Amino acid sequence: MSARSLAPELVLLLCLPLFAQSSSPASYDAVDPFIGTAGGGNTFPGATLPWGMIQWSPDTGPDAGYRYDAHRITGFSLTHLSGAGCPLYGDIPVLPWAGNLTVSPHVNGDLYTQPFDHSQESAHPGYYAVTLANGIRVEITVSNTSGIARFNFPAGTPARLLLNAGGSANSTIIDKKPDDPARTQDGTTIRLVGSNAVEGEARSGGFCSSPTRYTLYFAAEFRDPFVSTSMWHDDTVDPSAREENARHAGAWFDFGSQREVLMKVGLSFVSVANARANLNHEIPVWDIDRVHNLAQREWSRLLDQVQIAGGTPAQRTIFYTGLYHMFLSPNIFNDDNGDYIGFDGQVHHISRFCVGVRCNLAQYANFSDWDIYRDVIQLQALLNPQRTEDEAQSLVNDAEQSGWLPRWPAANDVTYVMGGDSPSAVLSEAFAFGARGFDVGSALHFMIKAATEPGSGPHGNSERPYLAAELQYGYVPVDHDRIDVSRTLEYASDDFAIAQFARTLGDKADKADATMLMKRAGNWQNLFDPETKWIRPRSADGSWLPGFDADGSLPRVLNAPAWVGPVGYEEGNAWHYSFMVPFDYPRLVAAMGGNDAVVPRLDRFFSKLMCWNDPCFNMANEPDFVTPYVYAYTNAPWKIGDVITRIEQQTFTTKPDGIPGNDDLGATSGVYVWNALGLYPGVPGAAGVFLGTPMFPEATLHLGGVFDHRTLVIRSEGTGPYVTSIALNGQLYNQLWLPLDKIAPNTTTTLTFTLQSTEPSSTVLQPPATFRP
């Protein structure tokens, strides 16, 4: 049976676990989509489904983002990324507008905005609503690739809409770069269809100034016909036009005296015809409440896979909002008929790669791999391995079409944002945490290719820049690469992760690759300075970069913002990166001087929890996420609990600025979610989790999907941040690492932590085993 033959409500619930037959409102109602919309969190409050293609959400600025401190809406656009550090998407914004189209919005975009007040706003997973200052009421809800909106106009207010097909996030940025080749590639097509429909396409891209591009197609319908229209292209308004093709184009619709205007729209990255087919398949009738109910049902079933007992209302809100943010991406990229546009620019059909009775059902896009390999992909694999297998197969499909695994892919293009070979880590983590139904042989082929063969892929960039230098010197030299330390450490983690993957596959050749990569994972030691006890920049001739000062973060990059980091480091400094070898902590602790040196260094590091370029922890940056667990390899492992509790209490809140820094497609939220459970997946490619300090008296995780049901119950006894003992299924365990194979299938596994409020003077807790012999 194909997805095309399923009823729309079953399509929405595809791949959700069968054990969650009822949905309780507790987890759903605890989510606050406004958390992270201020303070640089860069989340959005609008309507979307888990992994959905469409994110129909309000924008308050020229870069298609939503900033809580803004008070004017520029439009409700159809596509967004949650928490990314650079703008992207924001395509096809729609704005209710009571006035006439007197000047092109491209000429004066500030004219076409609507004031609003947050007291008139509400948002829940899959639903958003606002009453604008002029009394116009907007309600939005969505399915996977399509959405439906209701606009209610007060009596006496003309019912009109603006649809800005050229309003994508980066369209105005490209305008300011006259030599950018995107000026000839980007643009829009919009055409009216009959008296109640409009369709077209938007061409945009440029994520983080990369040369990437995508084309998004849309097909929209109105329940009732419009009585008049006008269109614009670039600077010109044309009241008689029925179609426009320009860099900036759009349409104005007048619905006369109607009080209620219903609009539904379908998206596709393949064609207008597919966008229309998606819409007809998923939202065949004009029933916004039905679509809203289905969206609530799907989110509830997912969120209810993690059930928590106790805790404060604020803790529950932060927790479930974080869980919600962790499932907003990657995003469905195929149409309901299985078509998707590939990395070769050609239309492909879902490959239907099968393992046993399980076949891949979807293609995904938008992998913030440098972020999500740390703590997002693992939870997705545990809670919904079927979806995560599709994500993994999607990356393999991308590689087969382009020749290389895509590094930070957006749509069907490669942005090459951030250092490291992170798609390899994502695949290794997905596999380790239970998502194994993908073409692992092809995946390993491309992992080994990237790790051993210098070469270029799309746009002339490399999956592993400076690989030849690393192979020659055993590290990336600073006179080759400004972020040599960060890149060397990321490659070491990538090599370790691939080694775990290859070793698990078990073939003789795979084991040889695993041995080779496990050895290379030790390349971090080539940048460890035994005199200063820091991992620091080193030149090709073996000399250390002069002027190094860990506390002073020198030498600096001239005129760079603080987050850029000193020479040798990407978005961090020696304090941040010298601890980023989680697979080799025993060696690192010994090299730094053992307990007497490392514990005071860690204590100083965690004296502050948010900083850039100072000698302290930075909860706003991914390399630090795992660092509290260095304490597990010292004689003061109980300090993990103190640090984790302070991070939870001091850096996360229920306010709009309640996420510390960019949420990075759920990775920052993941720190709170995992640690609140008393767990953290800190070792790349390893099938297990560090044990920390649980926040709630009890949490129940329903793991696996249709084919593998496992239940993990986590309990805490006593109060306080300090763990004094750990039991597994009633038996003393006292280890700070839990292999996933300890969670038995088709049964309930219970993990019990005993807590106290005073710092202990000794411990029975044992450090994790050595991951790299």
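Ser422, Ser424, Ala425, Leu427, Ser428 and Phe431 in helix H11 meet Asp494, Ala497, Ile498, Phe501, Thr504 and Leu505 in helix H14. By class, that H11–H14 contact is made up of 7 nonpolar, 4 polar and 1 charged residues. Bear in mind that this is a predicted model.

**How H11 and H14 cross**
- H11 covers residues 422–432 and H14 covers residues 484–505; their axes come within 9 Å and cross at roughly 40°.
- That angle makes H11 oblique to H14.
- As for handedness, H11 passes H14 in a left-handed crossing.

**A histidine in a loop**
- His248 sits in the loop that links strand E15 (243–246) to strand E16 (249–254).
- His248 has a relative accessible area of 5%, so it counts as buried.
- Its side chain reaches the backbone oxygen of Gly166 at 3.3 Å.

**A cis proline**
- Ser329 and Pro330 are joined by a cis peptide bond, with omega at about -5°.
- You'll find Pro330 in the loop between helix H7 (313–325) and strand E19 (331–332).

**Positive phi without glycine**
- Glu571 isn't a glycine, yet its phi is positive, at about 50°.
- Look for Glu571 in the loop between strand E28 (534–535) and helix H16 (574–577); its relative accessibility is 18%, so Glu571 is buried, the cut-off being under 20%.
- Asp664 also has a positive phi of about 50° and is not a glycine.
- Asp664 belongs to the loop between helix H19 (639–651) and helix H20 (667–676), and with 10% relative accessibility it counts as buried.

Technical notes: Residues numbered from 1 in each chain as written. Predicted model: local features only at pLDDT ≥ 70, side-chain atom pairs only at ≥ 80, totals over all residues. Heavy atoms only, no water. Axes fitted to C-alpha atoms, helices over the stretch in contact; angles between N-to-C directions. Helix = DSSP H or I, 4+ residues; strand = E, 2+ residues; numbered from the N terminus. Parallel < 35°, antiparallel > 145°, perpendicular 65-115°, else oblique. Left-handed = near helix turned anticlockwise from the far one by under 90°. Contact = heavy atoms within 4.5 Å. Nonpolar A, V, L, I, M, F, W, Y, C, P; charged D, E, K, R; others polar. Buried < 20%, exposed > 50% of the residue type's maximum accessible area, 1.4 Å probe, protein only. Polar contact = N/O pair within 3.5 Å; in protein donor to acceptor, adjacent residues only side chain to side chain.
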